[in-house]
Amino acid sequence: MSLSHYDPLITSSYCAFLWWFYYVFFQASYLSSILSNVLNPIFPFKMLLRSYSLCVLMVDVVWVVINAIYAVMQAVYEVFRPPPLKSVENETALIVGSGRGVGREIAIQLAYLGARVVCVDHNECNNNKTVSYIKRKGGTALSYTCDITKKENVVHLAEQIRNEVGFISMVFYCCGIPSPRSLITQPPQDIHDTLDLTLTSYFWIIDNFMPEMKTRNHGHIVALTSVAGLSHIKHQMPLSVAQFAVQGLAESLMEDLRINKINGVHVTLTHIYPFIVEDSSDLRMKIPSYFGTITPAKAANSILESVLRNYPEASVPKHLLFLGHLLRILPRKATVLVRDLLDTGVDFA
């Protein structure tokens, strides 16, 4: 029998199969549609999930707004009623760059407040003068000479201080801030030299002294930056880059402490503006009658006051901190106009 005799049977079977498949499929779809219509009003899972997500988002937004308003109100209140000064008596403070300028004044004033001061500078003669002055005034100070631009020197210094002095609870890094005179009389520095002194050495100092602060949940890191970190300085791009980086380092340290919930270690970022200028300097401000000048001793006093109040950010002079915040939110053109008006150059030494 040939294959053609089976064609009608095969065809009819195939058609029956197709009819059965479509019937089952449409019946299933129909039943699914009926079940969906019946169950959706009872169990609206997607709608409930979206409603829950929206409620969570609204609660988070309200929480953020309330806390932001509270933070603003607290900041305004602290302008008129600052937090109390903490005591540094019996604290051990490391001042890197204590041979002259603001670093020297910070060391002297910390010793006067009862702290034990560890003075570090690459200039042994200037550093010894600072230590001798502190001792004559009845303070406690030690002198260490070190070229901190070399990592092995910093590691050796840290080990020596741990063995001879013990736990360092406060670190002041006063290196890398130029004077107006140096900006005028000295050529731009090499990018490697600038970053090594201003930033890389600071990393090594923090890496060697901060872990013990975290372990004890007690300590204070003070970062001093030039106004060059807020605005570009002509022919001084390495300096501006390095100062911007120091600000980023300080803010990163704050976030690291916050995320790890270490509330006993504080970081203070202080912006130094160009107002400690000698009368013989060629730098002049457009509006000196408003800004004036202050001595390194007064600048150190202002820095220490911010540190003793555990402020996360401060400036010298104090009122220009708000100007720095304003410049961050203004449009670019407005920021440039304000900077051109001030026309201050870069700070002091």
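The following legends describe close-up views of a predicted model of one protein chain.

**View 1. The whole chain, given as context for the close-ups.**
The protein chain has 349 residues, of which 40% are buried. Its secondary structure consists of 12 helices and 7 strands. Among contacts with a separation of 6 or more, 72% join residues 24 or more positions apart.

**View 2. A nonpolar surface patch that includes Met58.**
Seen here are Leu54, Leu57, Met58, Val61, Val65, Ile69 and Met73, which form a nonpolar patch on the surface. Together these residues have about 680 Å² of accessible area. Met58 belongs to helix α2, which spans residues 45-80.

**View 3. Buried and exposed sides of helix α11.**
Helix α11 covers residues 320-329, and Leu320, Leu321, Leu323, Gly324 and Leu327 are buried in it. These residues lie on the same side of α11 because they cover an arc of only 160° around the axis. Phe322 and Ile329 are on the other side of α11 and are exposed.

**View 4. The salt bridge between Glu212 and Arg216 in helix α7.**
The closest N and O atoms of Glu212 and Arg216 are 3.1 Å apart, and the two residues form a salt bridge. Both lie in helix α7 (residues 191-216); they are 4 residues apart, so about one helical turn separates them. Glu212 is partly exposed, at 29% relative accessibility. Arg216 is also partly exposed, with a relative accessible area of 49%.

A salt bridge joins Lys318 to Glu305, with 2.5 Å between the closest N and O atoms. This pair links distant parts of the chain, 13 residues apart: Lys318 is in the loop between β7 (313-316) and α11, and Glu305 is in helix α10 (residues 296-308). Lys318 has 40% relative accessibility and counts as partly exposed. Glu305, at 23%, is likewise partly exposed. Glu305, Arg309 and Lys318 are linked in a network of salt bridges.

**View 5. The salt bridge between Lys150 and Asp147.**
Lys150 and Asp147 form a salt bridge whose closest N and O atoms are 3.2 Å apart. Lys150 is partly exposed, with 40% relative accessibility. Asp147 is partly exposed as well, at 32%. In the structure the count of salt bridges comes to 7.

**View 6. Cys146 and the cysteine sulfur nearest to it.**
A search of the whole structure finds 0 disulfides. Cys146 is in no disulfide, and the nearest cysteine sulfur, that of Cys175, is 9.9 Å away. With a cut-off of 2.5 Å between sulfur atoms, this pair is therefore not counted as a disulfide. Cys146 is buried, at 9% relative accessibility. Cys55, by contrast, is partly exposed at 45%.

**View 7. Two loop residues with positive phi.**
Asn90 has phi near 70°, a positive value in a residue other than glycine. Asn90 lies in the loop between α2 and β1 (92-96), and is exposed at 68% relative accessibility. Lys261 has phi near 55°, also positive in a residue other than glycine. The loop that holds Lys261 runs between α8 (237-259) and β6 (265-272). Lys261 is exposed, with 74% relative accessibility.

How values were computed:
Residues are numbered from 1 along each chain as its sequence is written. This is a predicted model: local features need pLDDT of at least 70, side-chain atom pairs count only at pLDDT 80 or more; totals for chains, interfaces and linings use all residues. Side-chain values use heavy atoms; hydrogens and water are left out. Patches are made of residues with over 30% relative accessible area and no salt bridge: like charges are joined within 9 Å, nonpolar side chains (Val, Leu, Ile, Met, Phe, Trp, Tyr) within 5 Å. Accessible areas come from the Shrake-Rupley method with a 1.4 Å probe; for residues, only the protein chains shown count as cover. A salt bridge is a side-chain nitrogen of Lys or Arg within 4 Å of a carboxyl oxygen of Asp or Glu. Buried means under 20% relative accessible area, exposed over 50%, partly exposed in between (1.4 Å probe, protein chains only). Contact means heavy atoms within 4.5 Å. The arc is that of the directions from the helix axis to the C-beta atoms.
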